[in-house]
Amino acid sequence: MVTPQAVKHMAGGTSFYFSNAIRNMDVSYVLVTSIALSEMPVVEKLRDKGIEVKATTGGETVYFENIYSGNQDHRTQRVLQKADPFVIHQLNGIEANVFHLGPLLADDISTDFIKKLSQHGRLSLDAQGYLRKVEDKNVIPVDWPEKREALQYITTLKVNEHEMEVLTGITDIHQGAKVLNEWGVKEVVVTLGSMGSVIYVDGVYYTIPAYKPTEIVDATGCGDTYMAGYLFQRAKGKGYQEAGEFAAAMASLNIQTSGPFMGTEEDVLELLSVSKELKAEG
């Protein structure tokens, strides 16, 4: 992570940020990941925190360089190493109601993998990896050729406004979310950085506010933290608005520190309570 303040080397990716964010929540969770044998100490650190991890070793570990300007909503990325694609047998013995997929690059998880996994539970997907092509270690934004086929099997899709535009060719958030829904996605989650987020389900748009942080330290992993909070709340039976607000509050807390979300459900609920009190007074 390269920011105007500092350069830091650390574990990252959806697997790292999502796992840390959900570990203190009241839900059963297991991480399935693929990593180089030399990076197993990172897995052991996760396990030491109480996170159940099923790790496949061999090959390389994906290695990103994220460069942030003063605007934390934008970053430049380079990929210095790539990992082998996931194969379905890596999930043998794993049972879940929801499988959240966090590909980092377009060839991490195939459409065939998605089809097979959809037979075992509901699928949630962060689409960002499918829109990244690596050329000379630089990340080039691209469209996802198999999107129409693959999205038929996705229950919950998370995109930001730029990813939504690449996928649909539409800049209007409401229209873009509707198109993704028409392609088969039941719950479309569009994150808008400091502008909040929009969730589209069954013809209804849920407008989720952004909870202003006291300071902005590091935006890396905020999307993963948001989805951890959202899927946790949905697993508990919460509605879309409530789940979205909880997720947004988690992301707000996350951006105020460097590294993954380390808080608890109580921390998030406290922020939501304070925010509602301030809104009532205002």
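1. Which residues in helix 7 meet helix 8? In this predicted model, the helix 7 side of the contact is made by Cys-222, Thr-225, Tyr-226, Gly-229, Tyr-230, Phe-232, Gln-233 and Arg-234. On the helix 8 side, the residues that they meet are Tyr-240, Glu-242, Ala-243, Gly-244, Phe-246, Ala-247, Ala-248, Met-250, Ala-251, Asn-254 and Ile-255. Sorted by class, the contact of helix 7 with helix 8 has 12 nonpolar, 5 polar and 2 charged residues.

2. As for the geometry of this pair, helix 7 spans residues 222–235 and helix 8 spans residues 240–255, and the two pack at an angle of about 145 degrees with their axes 7 Å apart. The crossing of helix 7 and helix 8 is right-handed.

3. Is Glu-265 buried or exposed? Its relative accessibility is 13%, and because buried means under 20% relative accessible area, Glu-265 counts as buried. Leaving aside neighbours within four places in sequence, Glu-265 is in contact with Met-25, Phe-232, Gln-233, Lys-236 and Phe-246; among these, Phe-232 and Gln-233 in helix 7 and Phe-246 in helix 8 also take part in the contact between those two helices.

4. Ser-252 is found in helix 8, and with a relative accessible area of 5% it is buried. Once neighbours within four places in sequence are left aside, the residues in contact with Ser-252 are Tyr-211, Lys-212, Pro-213 and Leu-271.

5. On the fold as a whole, the protein has 9 helices and 12 strands. For 282 residues, a compact globule would have a radius of gyration near 19 Å, and the value of 18 Å for the protein agrees with this. Taken along the principal axes, the box filled by the C-alpha atoms is roughly 55 × 40 × 35 Å.

6. How much of the protein counts as buried? Of the 282 residues, 46% fall into that class, while the accessible surface comes to about 13,800 Å², with 50% of it belonging to carbon and sulfur atoms. Among contacts with a separation of 6 or more, 59% are accounted for by residues 24 or more positions apart.

7. Asp-26 lies in the loop between helix 1 (13–22) and strand 1 (30–35), where, with a relative accessible area of 67%, Asp-26 is exposed. Although Asp-26 and Asp-267 are 241 residues apart along the chain, their C-alpha atoms are separated by 14 Å.

8. Most residues other than glycine have a negative phi.

Definitions and conventions
Residues are numbered from 1 along each chain as its sequence is written. This is a predicted model: local features need pLDDT of at least 70, side-chain atom pairs count only at pLDDT 80 or more; totals for chains, interfaces and linings use all residues. Side-chain values use heavy atoms; hydrogens and water are left out. Axes are lines fitted to C-alpha atoms, for helices over the stretch in contact, and angles run from 0 to 180 degrees between N-to-C directions. Helices (H or I, at least four residues) and strands (E, at least two) are DSSP runs, numbered from the N terminus. A crossing is left-handed if the near helix is turned anticlockwise from the far one by less than a right angle, and right-handed if clockwise. Contact means heavy atoms within 4.5 Å. Ala, Val, Leu, Ile, Met, Phe, Trp, Tyr, Cys and Pro count as nonpolar, Asp, Glu, Lys and Arg as charged, and the others, Gly among them, as polar. Buried means under 20% relative accessible area, exposed over 50%, partly exposed in between (1.4 Å probe, protein chains only). The radius of gyration is taken over C-alpha atoms; the globule rule is 2.2 Å times the number of residues to the power 0.38. Accessible areas come from the Shrake-Rupley method with a 1.4 Å probe; for residues, only the protein chains shown count as cover.
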